[in-house]
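Hi there,

Here is the structure I promised to pass on to you. Have a look at it first, and then read on for what turned up in it.

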Amino acid sequence: MSTLTGTTRFERNPATREEKWVKWTLLTLSLSFFILFLILPLVSVFFEALRRGWEVYLLSITEETALAAIRLTLLIAFISVPLNLVFGVSAAWLIAKHDFRGKQLLTTFIDLPFSISPVIVGLMYVLIFGANGWFGAWLLEHNIRIIFAVPGIVLATIFVTFPFVARELIPLMQAQGRDEEEAAIVLGANGWQTFWYVTLPNIKWGLLYGVILSNARAMGEFGAVSVVSGKIRGQTNTMPLHVEILYNEYNFAAAFAVASLLAMLALFTLIIKTWVEHRASHPAAAHLLPPEINPLSIQKSTT
Amino acid sequence: MSIEVRNIHKRFGDFVALNDISLNFEAGQLVALLGPSGCGKTTLLRIIAGLEQADSGLVTLEGEDASDASVRERQVGFVFQHYALFKHMTVFDNVAFGMRMKPRAQRPSKQQIKDKVHELLNLVQLDWLADRYPSQLSGGQRQRIALARALAVEPRVLLLDEPFGALDAKVRKELRRWLRKLHDELHITSIFVTHDQEEALEVADKVVLMDHGRVEQVGTPEEVYNHPATPFVYSFLGSVNLFHGRVEEDGLRVGSHAVPHAQDNFTQGSEVFAFVRPHELQIITDAGQSQGVAAKVTRVLSFGVSARVELEGLEKDSHTTNDQHFEVELTQAQVSELALVAGQIVRLVPSKLKLFDRPGYVPADSASIRGLNASSDKVIGKVL
């Protein structure tokens, strides 16, 4: 677009322009906060990680227990993200497109993981599945291990990351209404076809965004996982837990090396997220518009 | 295909959307469901389509009870007010959608689908837009594509929910003429919902007037316009002047004024609504005239083929104690002959009056009267 954006126009117009010092004060204030609290810690992670050289860095992340932690983290994400995808989409579909008793209650409950401290979440699972918990005796009898094992970590991770997909989709689906779905049904599409060909294409960017956030949280979750994992090295240690253990052992270089991997994951997530947002705001159709066709001329030749 | 609905009831919470609706739609006709917003017309249409479930009552399609049939089984074409085109699909894919969703055994071949889509796009005269996306089309184009998409599955009946409601006045007019032409070519049983009386009268074979979840009158456009059955229909179709009066020996008494009236099937002393169309009111400037309702000229609008004079009654409405507004339609010649000026006091004498019983002195709660208890100026202003 060749026209000025709203903010630029606002600023160039002497009637609406603020004094120069206001702008610079705000800019300085926010930039220094930004550097102090966001950029500096991020840089320090990489700085500390590479402090003792490349070799130590590589050794720290290829060492047996580190690799096990990476593998476990990937496994947890691999299990919990798809499950959340399915739960999230069905919950959002239910809430946005249907009316039923208790809808408000369900909507509130979806936010529960956001409002409960992750440590409490972990304790909840210990209380239910732990050796002295409600199902503890029964599980022990049948030799099923949940707490201090991978299933417990998966459960805790799912709980913590549950709202991301649903929260992202509900407002989107509500805004889109039921018109297109109704049109599809009237045209003879069955439920699955309606979802696959009409609903899903309309929510795909929001869904991807929710999955990215959910994935980032699944890999980075500390509190809930730390309670249920038992922190057995090489077995139930995820990357964030591994970082903590290394740090507590004064093995700073290794701790920061593994932390740098998580930081890179965060940066990578941010890049994808920005790309998704960009794609979502510029729908595919706009790119397919031949340059010689001016939308205004289409309007004119309507009738 | 003929459609019959019988004793349909539908509530949304405390709100009665449809109250015992029974209607018969003959095969091949284009019928308009006409009424103010909230009268239940869209709900009725959606119940026929199967998108909404009636609380009780029957929907019969071609003599078969379809009340429990799913939307897919009913084979209806539905056109939505806001088009509901699939945003992420091209025009071609939108129109092809219904055919592609068929079970494999019934699905036409790729080539057949392609031919059919182009045939339909030619029918709606938009074949050149096949590769565009809905966002690149104007409102009128989108609605025509929506219609082509609905026709692609060869529906037995076409249902249109305020199809031109979101379009501007000029496009509306063109599209409804076009819809009529299309219907004359295809002869598919069609029902369309509208709140625009001009649209309904101009396009439909038959008009169903609805108000507050009830059917007020069913008939051809001529029947409902020339012989309104209820006060609601009279006031909804075209602009109208309303008097509250009492039938007396020498005519009708409106406030302290007497109005000549010949209709004699009302008992003396009964309270009535009296309706007069703007062109049925005469303006008398002669000060010696004793009959007719006294009114003050507020505005003279003398452009167009006929001129309109707006007036304000000298007395408040005897029934509602609101100001009374009147509208008179005259020829340009009459206006220049009368030489009316704003502020002039004149008398209004109706050449024709249509009376409806006003049950008792208390405002009745029957549905047909409800719309009229408000001030009379609400009635005026619907210009046909």
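Let me start with a term: buried area is the accessible area, taken with a 1.4 Å probe, that two parts lose on being put together, summed over both. Between chain B and chain A this area is about 2,600 Å², and carbon and sulfur atoms give 62% of it. Arg72(B), His88(B) and Met101(B) supply 23% of the area that chain B buries against chain A, more than any other three residues.

Before going further, a word on how to read the model. It is a predicted model, in which local features need pLDDT of at least 70 and side-chain atom pairs count only at pLDDT 80 or more, while totals for chains, interfaces and linings use all residues. Residues are numbered from 1 along each chain as its sequence is written, chains are lettered from A and ligands numbered from 1 in the order in which they are written, and side-chain values use heavy atoms, with hydrogens and water left out.

**Where the chains meet**

How many residues does the contact take from each chain? Chain B gives 32 residues and chain A gives 26 residues, where contact means heavy atoms within 4.5 Å. Two salt bridges are counted between chain B and chain A; a salt bridge is a side-chain nitrogen of Lys or Arg within 4 Å of a carboxyl oxygen of Asp or Glu. Arg46(B) forms a salt bridge with Glu182(A), with the closest N and O atoms 2.6 Å apart.

Five residue pairs, both residues at pLDDT 80 or more, are in polar contact across the interface of chain B and chain A. A polar contact is a pair of N or O atoms within 3.5 Å; within protein, one must be able to donate a hydrogen and the other to accept it, and residues adjacent in sequence count only if both atoms are side-chain atoms.

On the side of chain B that touches chain A, the elements giving two or more residues are helix H2 (71-74), strand E6 (76-79), helix H3 (91-100), helix H5 (139-151) and H6 of chain B. Helices (H or I, at least four residues) and strands (E, at least two) are DSSP runs, numbered from the N terminus. H5(B) gives the most to this side, with four residues. The residues of this side divide into 17 nonpolar, eight polar and seven charged. Here Ala, Val, Leu, Ile, Met, Phe, Trp, Tyr, Cys and Pro count as nonpolar, Asp, Glu, Lys and Arg as charged, and the others, Gly among them, as polar.

**An enclosed helix**

Arg46(B) is also one of the buried residues of H1(B). Buried means under 20% relative accessible area, exposed over 50%, and partly exposed in between (1.4 Å probe, protein chains only). Eight of the nine residues of helix H1 (residues 41-49) of chain B are buried, so this helix is largely enclosed by the rest of the structure. Just after H1(B), Gly50(B) takes a positive phi of about 95°.

Over all chains, the count is 31 salt bridges. Arg172(B) pairs with Asp196(B), the closest N and O atoms being 3.5 Å apart. Arg172(B) lies in helix H6 (residues 169-186) and Asp196(B) in the loop between strand E8 (189-194) and helix H7 (197-203) of chain B, so the pair ties together parts that are 24 residues apart in sequence. Arg172(B) counts as buried at 12% relative accessibility, and so does Asp196(B) at 18%.

Arg172(B) also forms a salt bridge with Glu199(B), at 3.2 Å between the closest N and O atoms. That pair links helix H6 to helix H7 of chain B, 27 residues apart. Glu199(B) is buried, with a relative accessible area of 1%.

Glu198(B) and Arg176(B) meet in another salt bridge (3.1 Å, N to O). Glu198(B) is partly exposed at 28%, whereas Arg176(B) is buried at 4%. Salt bridges that share partners join Lys173(B), Arg176(B), Glu198(B) and Glu202(B) into one network.

**Two backbone details**

Most residues other than glycine have a negative phi. Glu162(B) has a positive phi of about 40° although it is not a glycine, and it is buried at 8% relative accessibility. His212(B), not a glycine either, has a positive phi of about 50° and is partly exposed at 35%.

Enjoy looking around!
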